Amino acid sequence: MIKLSNDGYVRLTLATLRNTSLTHFISGLDEEYIDPKRRQHDGLGEISGYTEWVSTAEPVITIGWDWHLMVSGQKFQYDRVCPPRSNLMLVDRDNGDLGPAQTQMLLGDMLDTIDWQREAFNAISERYPSATCKG
Amino acid sequence: MVTVSGTQSELPQGLYFEIARYRHAVFIEQLEWQLKTDGLTEQDQFDRPDAVYVVAQDAVGYISGCARLLPTTRPYLLGEVFPQLLNGLHPPCSPSVWELSRFSAMDIHSQSSSKSGQFSSKIAVELLRASIASAAAHGAKRLITVSPVGVERLLRVAGFHSHRAGPPVIIDEHPIVACWIEIDDVPHSRKASNLSLTNLADSPRSQPRPERRRF
């Protein structure tokens with residue numbers, strides 16, 4: 001069961017979260033990587049930005065996190081570089097809060113198992129056609 | 001850096017006008033937000049006599065940051081303009097919940113720093129602390145704020161207990177989100193003085209990562 005509480009948290013178990021569909025909302029670049037003239041590095045050795053995802057059902061689950069893209073030759077590697085930001089509070093089977101820290105950790109572990117990089121890259125490429133290189 | 005907080009009538013003479021000019025420089029000139037203006041200052045319908053302002057000033061008195069606190073028991077920005085950010089919940093209306101808005105920590109007079117977006121990390125963190133303390137002094141146990149997603153990162157890096165109130169919406173091509181800030185373990189000092197002055201001299205501390213402007 002997914003419950004929106006008066007404190008703003010959406011409470012659910014990890015199992016329910018894993019069975020919840022998430023869709024890409026928006027991804028963006030950090031400022032210094034948007035204008036090619038302002039890049040601090042020659043070429044595109046690294047880029048950083050953010051990505052936002054939401055659930056399709058209500059109450060809406062929102063999850064966002066920062067990422068870092070390393071480019072080495074023809075190889076691209078997107079990595080999540082911070083704990084996710086969300087409106088979630090995971091609960092145990094007795095509906096007891098796991099707490100913000102545990103929720104963040106478990107949510108992060110879950111995100112690292114899904115293929116978010118492809119959609120984020122496509123969204124970034126479409127949003128900033130002059131700022132990104134295409135592999 | 002020095003922070004000052006108070007209502008318009010409590011602030012030193014002339015400071016509120018400087019706040020309004022600073023907000024024009026930041027939100028309209030730099031960030032190009034679509035806000036009403038008289039060409040010199042930025043003020044809206046929530047700049048009322050009961051609004052509390054928290055202001056950061058540099059060594060020569062220039063404003064380097066500002067924030068506005070509003071009680072949710074009267075009309076406020078999120079409740080009136082952005083209720084859709086609350087995921088279907090009713091906007092809070094409680095003396096223990098205050099809204100933090102018009103938050104900026106851009107040092108527009110600094111020649112050395114780049115005017116990197118809305119925030120200088122160091123000023124932003126200290127301004128946030130001062131804002132939370134001011135809100136707590138007025139009885140707040142929670143703050144609600146409408147901000148770019150970059151503010152969330154700042155809150156986390158600086159160690160504030162915060163979480164989202166709902167999914168972001170896109171405004172002028174940028175994601176905006178409502179966040180709760182829990183005021184944990186902040187002593188509720190009585191309002192011994194309506195005008196709070198805090199001198200925050202530089203002191204060695206681990207610095208959060210520079211806040212990057214988000215688009």
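Which residues in α1(B) are buried? I put this to a predicted model, and I found B:L15, B:Y16, B:I19, B:A20, B:Y22, B:R23, B:H24, B:A25, B:V26, B:F27 and B:I28 to be buried in that helix.

I then looked up what covers these buried residues of α1(B), and the cover includes β1 (2–6), β2 (52–57), β3 (63–71) and β4 (97–104) of chain B. The helix itself, residues 15–30 of chain B, has 16 residues and reaches 21 Å from its first C-alpha to its last, which is close to the 22 Å expected at 1.5 Å a residue. Just after α1(B), I noted that B:E32 takes a positive phi of about 60°.

Next I turned to the interface, where 36 residues of chain A are in contact with 26 residues of chain B. The area buried between the two chains comes to about 2,400 Å², and carbon and sulfur atoms give 49% of that area.

For specific pairs, I found three salt bridges across the interface of chain A and chain B, and one that I looked up joins the side chains of B:R164 and A:E52 at 2.7 Å, N to O. The rule also finds eight residue pairs in polar contact across this interface, both residues being at pLDDT 80 or more.

On the side of chain A that touches chain B, the elements giving two or more residues are β3 (22–29), β4 (46–55), β5 (62–72), β7 (85–86) and α2 (100–111) of chain A. The largest share, five residues, comes from β4(A), and by class I recorded 17 nonpolar, eleven polar and eight charged residues on that side of chain A.

Terms used:
Residues numbered from 1 in each chain as written. Chains lettered and ligands numbered in written order. Predicted model: local features only at pLDDT ≥ 70, side-chain atom pairs only at ≥ 80, totals over all residues. Heavy atoms only, no water. Contact = heavy atoms within 4.5 Å. Buried area = accessible area lost by both parts, 1.4 Å probe. Salt bridge = Lys/Arg side-chain N within 4 Å of Asp/Glu carboxyl O. Polar contact = N/O pair within 3.5 Å; in protein donor to acceptor, adjacent residues only side chain to side chain. Helix = DSSP H or I, 4+ residues; strand = E, 2+ residues; numbered from the N terminus. Nonpolar A, V, L, I, M, F, W, Y, C, P; charged D, E, K, R; others polar. Expected span 1.5 Å × (residues − 1). Buried < 20%, exposed > 50% of the residue type's maximum accessible area, 1.4 Å probe, protein only.
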